[in-house]
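I opened the model to look up its backbone exceptions, its surface and its overall build. My entries follow in the order of reading.

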Amino acid sequence: MNEPDAESRQLLEVLRADPESWSGLGFAPAEDDDTWDANAERRAAVLAAILFDPQPADRALLKFLLQQDIREAEEFWGVSDGLRLGMLLLAEHRCVDDAWLQWSAKIANFDTEMGLDLWAVLAGGVVAVRSMVATSDHPERDELLERLAEEPYVDATDEDVERWLLQQRTQYFQATHATLDG
């Protein structure tokens with residue numbers, strides 16, 4: 001991943017100031033075979049800008065961006081960089097209310113199911129998320145509870161989630177430095 005350019009940083013400032021501008025980053029199936037989503041690259045650039053300049057007020061924007069990347073993942077195979085980074089950045093807000101959105105990202109397609117961890121789902125607090133899921137009437141409740149009862153999540157702690165968050169963020173910064181150095 002490259003460090004965000006000036007254009008991406010300026011776009012982020014516009015998005016932060018004007019939520020109505022977010023629609024310009026919505027999932028937009030492209031009309032050619034080389035591009036699946038006409039806005040995926042712009043969303044990924046905004047996520048990279050947030051990675052380098054996270055703000056507490058970004059949570060709503062991150063939820064919107066993740067919803068768009070989930071829509072893309074539901075239409076196409078694979079795990080996009082935007083989906084993976086969006087999950088991480090939203091998880092860093094540590095809100096129990098984001099668990100279902102994180103779960104939707106995890107189960108968006110076969111590749112996301114196999115390639116993404118559940119740590120982002122637990123980022124709002126292991127005990128709090130388990131309790132919220134257990135008392136929920138969400139249609140995916142039983143499936144998520146089953147998954148949380150598997151290794152390595154069955155005995156997960158908030159410290160495990162913190163280690164995962166730190167590991168993920170470190171990997172993004174290492175990849176950025178490798179790109180800049182190479």
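Predicted model: local features only at pLDDT ≥ 70, side-chain atom pairs only at ≥ 80, totals over all residues.

I located Arg94 in the loop between helix H4 (81-91) and helix H5 (99-106); helices are DSSP runs of H or I with at least four residues, strands are runs of E with at least two, and both are numbered from the N terminus. Residues are numbered from 1 along each chain as its sequence is written, and side-chain values use heavy atoms, with hydrogens and water left out.

I noted a positive phi, near 55 degrees, at Arg94, a residue other than glycine. Arg94 counts as partly exposed because its relative accessibility is 37%; buried means under 20% relative accessible area, exposed over 50%, and partly exposed in between (1.4 Å probe, protein chains only).

I next checked the peptide bonds. The one from Glu151 to Pro152 is cis, with omega near 0 degrees, and Pro152 is found in the loop between helix H8 (141-148) and helix H9 (158-181). Most residues other than glycine have a negative phi, and most peptide bonds are trans.

I then turned to Trp77, in the loop between helix H3 (59-75) and H4. Trp77 counts as exposed because its relative accessibility is 57%.

The C-alpha atoms fill a box of roughly 45 × 35 × 35 Å, taken along the principal axes. Buried residues make up 41% of the 182 residues.
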